[in-house]
Amino acid sequence: MQAKPCGLLDVDGYYDSLMKFLDHTVAEKIIRAEHHSMILIDDYPRGLLVKMESFRAPLMKKWLELGNQ
C-alpha cells in the first residue's frame with residue numbers, strides 16, 4: 001500500500017474540478033475515502049507543507065489477500 005500523501009498546490013482553485021470528480025468517485029464507491037484522504041490540498045505552499053508533515057497514513061485492510069484467491 002502507498003503510505004505517502006499526494007500534495008496539490010491549489011492556486012486560484014485550479015484543482016477544484018479534479019477534487020469534485022474524486023469526491024464523486026468516493027460517493028460511487030470507486031475509490032475508498034481513506035485513499036481520497038491521502039490527497040492533501042492547500043492554497044499556500046506553507047499550508048501544504050504543514051499538512052504533509054503532519055500526515056499519517058490511514059490503516060486499512062487489503063481488499064485481496066494473496067493467499068486467499
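I41 is partly exposed, with a relative accessible area of 22%; here buried means under 20% relative accessible area, exposed over 50%, and partly exposed in between, with a 1.4 Å probe and protein chains only. The residue belongs to strand 2, which covers residues 39-42. Its C-alpha atom is separated by 9.4 Å from that of M52, eleven residues apart along the chain. Leaving aside neighbours within four places in sequence, I41 is in contact with L8, D10, Y15, M19, L48 and K51, where contact means heavy atoms within 4.5 Å.

The model is predicted: local features need pLDDT of at least 70 and side-chain atom pairs count only at pLDDT 80 or more, while totals for chains, interfaces and linings use all residues. Residues are numbered from 1 along each chain as its sequence is written, and side-chain values use heavy atoms, with hydrogens and water left out.

The protein as a whole gives these residues their setting. It contains three helices and two strands, arranged along the sequence in the pattern β-α-α-β-α. Helices (H or I, at least four residues) and strands (E, at least two) are DSSP runs, numbered from the N terminus. Of the 69 residues in the protein, 19% are buried. Among contacts between residues at least 6 apart in sequence, 59% join residues at least 24 apart. The protein exposes about 5,800 Å², and carbon and sulfur atoms supply 58% of that area; accessible areas come from the Shrake-Rupley method with a 1.4 Å probe, and for residues only the protein chains shown count as cover.

One of the contacts of I41 is D10, a residue in the loop between strand 1 (6-9) and helix 1 (16-27). D10 is buried yet has no salt bridge, and the nearest side chain of opposite charge, K51, is 9.1 Å away. Lys and Arg count as positive and Asp and Glu as negative, whereas His and the chain ends are not counted. A salt bridge requires a side-chain nitrogen of Lys or Arg within 4 Å of a carboxyl oxygen of Asp or Glu. The side chain of D10 does, however, reach the backbone nitrogen of Y14 at 2.9 Å. Beyond its neighbours within four places in sequence, D10 is in contact with Y15, D16, I41, D42 and D43.

K51 forms a salt bridge with D42, the closest N and O atoms being 3.2 Å apart. The count of salt bridges comes to one.

Y14 is exposed, with a relative accessible area of 63%, while Y15 is partly exposed at 24%.

Finally, the backbone deserves attention. Most residues other than glycine have a negative phi. D12 has a positive phi of about 55 degrees although it is not a glycine; D12 lies in the loop between strand 1 and helix 1 and is exposed at 80%. K29, also not a glycine, has a positive phi of about 60 degrees. K29 is found in the loop between helix 1 and helix 2 (33-36) and is exposed at 73% relative accessibility.

Technical notes:
A polar contact is a pair of N or O atoms within 3.5 Å; within protein, one must be able to donate a hydrogen and the other to accept it, and residues adjacent in sequence count only if both atoms are side-chain atoms.
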